[in-house]
Amino acid sequence: METLQITDPLDWSYPFSRALYEDSTIVYHGTASNFAAAIERDGLVAGVPHFPIDEIQELVTLSDALNLRSWSYGCVKGLASGAMLERPSERCVFLSANFWFARDYATNVGGETVQNAIILADELATHLRATGGSSDVTNRVSAIQADLVKPTAGSFPIVYALRVDGTWLKDKGGELRRRNLGDMVAPTVNISCLRSVPSDRLLAKAEYVSGAGSGYIGPQPISWDEARRLGRRRSTS
């Protein structure tokens with residue numbers, strides 16, 4: 001597997017080859033470097049979330065009990081439902097046909113669900129301290145937050161390029177069609193893969209060793225040459 005290292009956090013250019021860019025069966029998965037060894041050994045495994053499901057559900061239950069309805073609460077509750085946290089064995093592998101969306105997802109600490117759960121835990125702890133809540137509950141919330149942060153401590157964003165079969169996907173490959181917008185194309189942002197993706201389907205990896213600043217997330221240029229020029233030039237336009 002080809003590995004590329006990007007040192008500029010504001011480099012949004014497409015890092016991989018023309019062949020990968022122009023291949024409609026290529027999709028992307030953004031994650032944290034701490035998970036790379038397991039992914040490259042076992043592939044992307046369906047039904048095995050890398051975060052503590054019970055603890056995230058515990059935060060949602062406590063928020064309901066305290067009637068705390070923040071933005072992060074709504075995100076966690078909605079994402080938890082969409083990610084099938086109540087039925088983890090049915091959880092899909094989440095991919096994107098849009099490289100920049102996968103790159104942006106990789107900037108979330110532990111993924112979107114975990115990042116919002118960390119924020120929710122902080123909000124709960126602040127609320128409990130401000131309202132004289134139980135110190136035992138406050139300590140429990142802090143312990144959950146520490147458990148959520150631990151798996152990605154010291155990691156950096158990475159994006160995998162991989163090839164899938166359309167039959168593996170929820171819509172049987174319809175997600176791989178790209179909508180033409182003239183000089184741009186709009187690939188499917190969110191793709192649910194119903195089975196595990198073996199490691200031999202991983203073709204390339206971009207490592208953002210200094211972090212990856214948020215910014216451009218598409219649509220994507222129709223030309224690979226233009227995609228390669230994305231970056232600081234576009235960030236200041």
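The model is a predicted one. Let's start with the whole chain. Its secondary structure comes to nine helices and nine strands, and 45% of its 237 residues count as buried. Among contacts with a separation of 6 or more, 84% are between residues 24 or more positions apart.

From there we can turn to the interior. In soluble globular proteins, nonpolar side chains tend to be buried together. Here the largest nonpolar core has 23 residues, and Tyr14, Phe16, Tyr28, Phe99 and Trp100 are those with the most contacts inside it. Several elements each supply at least two residues of this core: the helices α1 (18-22), α5 (99-106) and α8 (224-229), together with the strands β2 (26-32), β4 (157-163) and β8 (202-208). The element that gives the most is α5, with four residues.

Leaving aside residues up to four places away in sequence, Phe99 touches Ser13, Tyr14, Pro15, Phe16, Tyr28, Val159, Tyr208 and Gln220. Apart from this core lies another, of 20 residues, with Leu44, Leu95, Tyr160 and Leu162 among them.

Next comes a pair of helices. Two packed helices are described by the angle between their axes and the distance between the axes. For helix α3 (residues 53-66) and helix α6 (residues 112-130), the axes come within 10 Å and cross at roughly 40°. The crossing of the two helices is left-handed. On the α3 side, the contact is made by Ile56, Leu59, Leu62, Ser63 and Leu66, while α6 brings Thr113, Ala117, Leu120, Ala121, Leu124, His127 and Leu128.

Beyond residues up to four places away in sequence, Ser72 touches Asn116, Ile119, Leu120 and Glu123. Is Ser72 buried or exposed? Its relative accessibility is 2%, so Ser72 counts as buried, the cut-off being under 20%. The side chain of Ser72 also makes a polar contact with the side chain of Ser70, at 3.0 Å.

Between α3 and α4 there is a loop, and Asn67 lies in it. Most residues other than glycine have a negative phi. Asn67, however, has a positive phi, near 55°. With a relative accessible area of 55%, Asn67 is exposed. Lys172, in the loop between β4 and β5, likewise has a positive phi, near 55°. Lys172 counts as exposed, at 58% relative accessibility.

Our last stop is Leu181, in the loop between β5 (179-180) and β6 (184-186). How does its accessibility class come about? At 40% relative accessibility, Leu181 counts as partly exposed, because that class runs between the 20% and 50% cut-offs. Leu181 touches Ala186 and Pro219, again not counting residues up to four places away in sequence. Along the chain, Leu181 and Pro219 are 38 residues apart, and their C-alpha atoms are separated by 8.8 Å.

Methods: Residues numbered from 1 in each chain as written. Predicted model: local features only at pLDDT ≥ 70, side-chain atom pairs only at ≥ 80, totals over all residues. Heavy atoms only, no water. Core = buried A, V, L, I, M, F, W, Y, C linked by side-chain atoms within 4.5 Å. Buried < 20%, exposed > 50% of the residue type's maximum accessible area, 1.4 Å probe, protein only. Contact = heavy atoms within 4.5 Å. Polar contact = N/O pair within 3.5 Å; in protein donor to acceptor, adjacent residues only side chain to side chain. Axes fitted to C-alpha atoms, helices over the stretch in contact; angles between N-to-C directions. Left-handed = near helix turned anticlockwise from the far one by under 90°.
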